[in-house]
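Please look over the sequence and the model shown here before reading on.

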Amino acid sequence: MTTEPDMAARVLVAGIGNLFLGDDGFGPEVVRRLARDGGMPPQVRLVDYGIRGMHLAYDLLDGYDALVLVDAYPGGGAPGEMTVLHIGVEDLGSGEFDAHGMNPVAVLANLGQLGGTLPLTYLVGCTPAGVGEGIGLSEAVDSVVPEAMRAVRTLVRQLVPSVPTVSVNSTEPRRS
């Protein structure tokens, strides 16, 4: 796991999950609230992919420098436990790609077959309390959504290069 992300020019923040399966809707809910609140730099695109794996795969072919996945993550922790992970090619293994479903590992592992490469990738995940049929997050998972939003914003601030500011009285050459 990397503590300091590398800088990136274009970042895709992808909400993953099925909102009809309880806490599996964590990713879409976080992305929905981030979009509602606004304030993301223009280089950042927020998308609720839900279970549209092929859509995510094709969007990644557009040349993103970084990907932040937001998803329910069965990491073995207590319900509502949040995890931030750096994901590399070595973490993916192989997975069977389903054009009609969403298995993020399979989507990312098979990106090369579509002519793409895995960008710098992070996961902001939350351990679900339940993924049975039903709309709405459990109390444990809903309570961590603001923390997940802060984690995504922190990653974005670290990934997107800041625009240098120059004082009017500066003697340094102006940067473009």
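In which strand does Thr83 lie? Thr83 belongs to strand β4, which spans residues 82-87; strands (E, at least two residues) and helices (H or I, at least four residues) are DSSP runs, numbered from the N terminus. The model is a predicted one, in which local features need pLDDT of at least 70 and side-chain atom pairs count only at pLDDT 80 or more, while totals for chains, interfaces and linings use all residues. Residues are numbered from 1 along each chain as its sequence is written, and side-chain values use heavy atoms, with hydrogens and water left out.

Thr83 has a relative accessible area of 18% and is therefore buried, a term that means under 20% relative accessible area, with exposed meaning over 50% and partly exposed in between (1.4 Å probe, protein chains only). Not counting residues up to four places away in sequence, Thr83 is in contact (heavy atoms within 4.5 Å) with Tyr73, Leu123, Val124 and Gly125.

The chain as a whole holds five helices and five strands, which follow one another along the sequence as β-α-β-α-β-β-α-β-α-α. Of its 176 residues, 44% are buried, and among contacts between residues at least 6 apart in sequence, 82% join residues at least 24 apart.

In soluble globular proteins, nonpolar side chains tend to be buried together. A nonpolar core is here a set of buried Ala, Val, Leu, Ile, Met, Phe, Trp, Tyr and Cys residues joined through side-chain atoms within 4.5 Å. The largest such core has 27 residues, of which Val13, Phe26, Val68, Val70, Val124 and Val152 touch the most other members. At least two residues of this core come from each of β1 (11-16), α1 (26-37), β3 (66-72), β5 (120-126) and α5 (145-159), and α5 gives the most, with eight residues. Apart from this core lies another, of 18 residues, including Ile16, Val47, Ile87 and Leu108.
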